[in-house]
Amino acid sequence: MLLVHKMHGVDELSSMAYEMVRLIETAIVPILTVDVEGRITGWNVKVAELTGLSVENVMGKSLVQDLVYKESEETVANLLYRALRCTIRSHTEFWVVLTGWRVGRGVNMRSG
């Protein structure tokens with residue numbers, strides 16, 4: 001009985017994770033995710049549309065070192081540092097790179 005209960009919990013968690021991924025992928029706003037080292041782990045359709053960079057081209061790359069302009073590296077590195085510690089409280093802007101062009105700016109990250 002305990003095994004069945006645990007399996008049901010895993011199924012619920014898996015279902016919630018699937019729904020979360022689906023929500024991110026189909027959102028009408030740009031959403032990207034990074035791991036604790038700042039590497040891209042998620043890149044939804046809208047951010048791909050805005051940057052022109054496909055998910056295949058960005059997955060595993062460093063957000064700071066590979067995708068933002070040099071003048072924004074410090075800002076984004078600080079943003080990620082604060083995000084990992086849940087201390088972000090305001091809007092932060094930065095530029096991303098697309099074949100040498102400034103393609104967009106802005107991120108609004110808030111912690112709980």
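Guide: The conversation below goes from the overall layout to particular residues.

Visitor: What kind of model is this?
Guide: This is a predicted model. The protein averages a pLDDT of 75, and 69% of the residues score at least 70.

Visitor: Where is confidence lowest, and where is it highest?
Guide: Confidence is lowest in strand β4 (residues 101-107), with a mean of 45, and highest in helix α3 (residues 55-58), at 91. Over residues 99-112 the pLDDT is below 50, although this stretch has 38 contacts in the model beyond near neighbours in sequence.

Visitor: How many helices and strands are there?
Guide: The secondary structure comes to 5 helices and 4 strands. Along the sequence, these elements follow the pattern α-β-β-α-α-α-α-β-β.

Visitor: And how much of the protein is buried?
Guide: Buried residues make up 26% of the 112 residues. The protein exposes about 8100 Å², and carbon and sulfur atoms supply 61% of that area.

Visitor: What share of the contacts joins residues at least 24 apart?
Guide: That share is 28%, counted among contacts between residues at least 6 apart in sequence.

Visitor: Which residues make up the largest nonpolar core?
Guide: This core has 12 residues in all: Ile40, Trp43, Val47, Ala48, Leu53, Val58, Leu63, Val64, Leu67, Val68, Val76 and Leu80. The elements that give two or more residues to this core are β2 (40-43), α2, α4 (63-67) and α5 (73-84).

Visitor: Which element gives the most to this core?
Guide: Helix α4 gives the most, with 3 residues. As a general background, nonpolar side chains tend to be buried together in soluble globular proteins.

Visitor: Let me change topic. Where is threonine 51?
Guide: Threonine 51 is in helix α2, which covers residues 45-51.

Visitor: Is threonine 51 buried or exposed?
Guide: Threonine 51 counts as buried because its relative accessibility is 5%, and the cut-off for buried is under 20%.

Visitor: What lies 2.8 Å from a polar atom of its side chain?
Guide: The backbone oxygen of valine 47 lies at that distance from a polar atom of the threonine 51 side chain. Valine 47 is also one of the residues of the largest nonpolar core.

Visitor: How far is threonine 51 from leucine 67?
Guide: Their C-alpha atoms are separated by 10.0 Å, and the two residues are 16 residues apart along the chain.

Visitor: What about asparagine 44, where does that one lie?
Guide: Asparagine 44 lies in the loop between β2 and α2. With 2% relative accessibility, asparagine 44 counts as buried.

Visitor: Which backbone oxygens does its side chain meet?
Guide: The backbone oxygen of isoleucine 24 lies 3.0 Å from a polar atom of the asparagine 44 side chain. The side chain of asparagine 44 also reaches the backbone oxygen of valine 29, at 2.8 Å.

Visitor: What else is asparagine 44 in contact with?
Guide: Leaving aside neighbours within four places in sequence, asparagine 44 is in contact with Ile24, Glu25, Ala27, Val29, Pro30 and Ile31.

Visitor: And leucine 23, buried or exposed?
Guide: Leucine 23, found in helix α1, counts as exposed, with 57% relative accessibility.

Visitor: Now the charged residues. How many salt bridges are there?
Guide: The count comes to 5 salt bridges. One of them joins arginine 22 and glutamate 19, whose closest N and O atoms are 3.1 Å apart.

Visitor: How are those two placed in the helix?
Guide: Arginine 22 and glutamate 19 are separated by about one helical turn because they are 3 residues apart in helix α1 (residues 2-26). Arginine 22 counts as partly exposed at 40% relative accessibility, and glutamate 19 counts as partly exposed at 37%.

Visitor: Which residues does arginine 39 bridge to?
Guide: Arginine 39 forms a salt bridge with aspartate 35, the closest N and O atoms being 2.8 Å apart. Glutamate 37 also forms a salt bridge with arginine 39, and there the closest N and O atoms are 2.2 Å apart.

Visitor: How exposed are arginine 39 and glutamate 37?
Guide: Arginine 39 is partly exposed, with a relative accessible area of 35%, whereas glutamate 37 counts as exposed at 56% relative accessibility.

Technical notes: Residues are numbered from 1 along each chain as its sequence is written. This is a predicted model: local features need pLDDT of at least 70, side-chain atom pairs count only at pLDDT 80 or more; totals for chains, interfaces and linings use all residues. Side-chain values use heavy atoms; hydrogens and water are left out. Buried means under 20% relative accessible area, exposed over 50%, partly exposed in between (1.4 Å probe, protein chains only). Contact means heavy atoms within 4.5 Å. Accessible areas come from the Shrake-Rupley method with a 1.4 Å probe; for residues, only the protein chains shown count as cover. A polar contact is a pair of N or O atoms within 3.5 Å; within protein, one must be able to donate a hydrogen and the other to accept it, and residues adjacent in sequence count only if both atoms are side-chain atoms. A nonpolar core is a set of buried Ala, Val, Leu, Ile, Met, Phe, Trp, Tyr and Cys residues joined through side-chain atoms within 4.5 Å. A salt bridge is a side-chain nitrogen of Lys or Arg within 4 Å of a carboxyl oxygen of Asp or Glu. pLDDT is the predictor's confidence in each residue, from 0 to 100.
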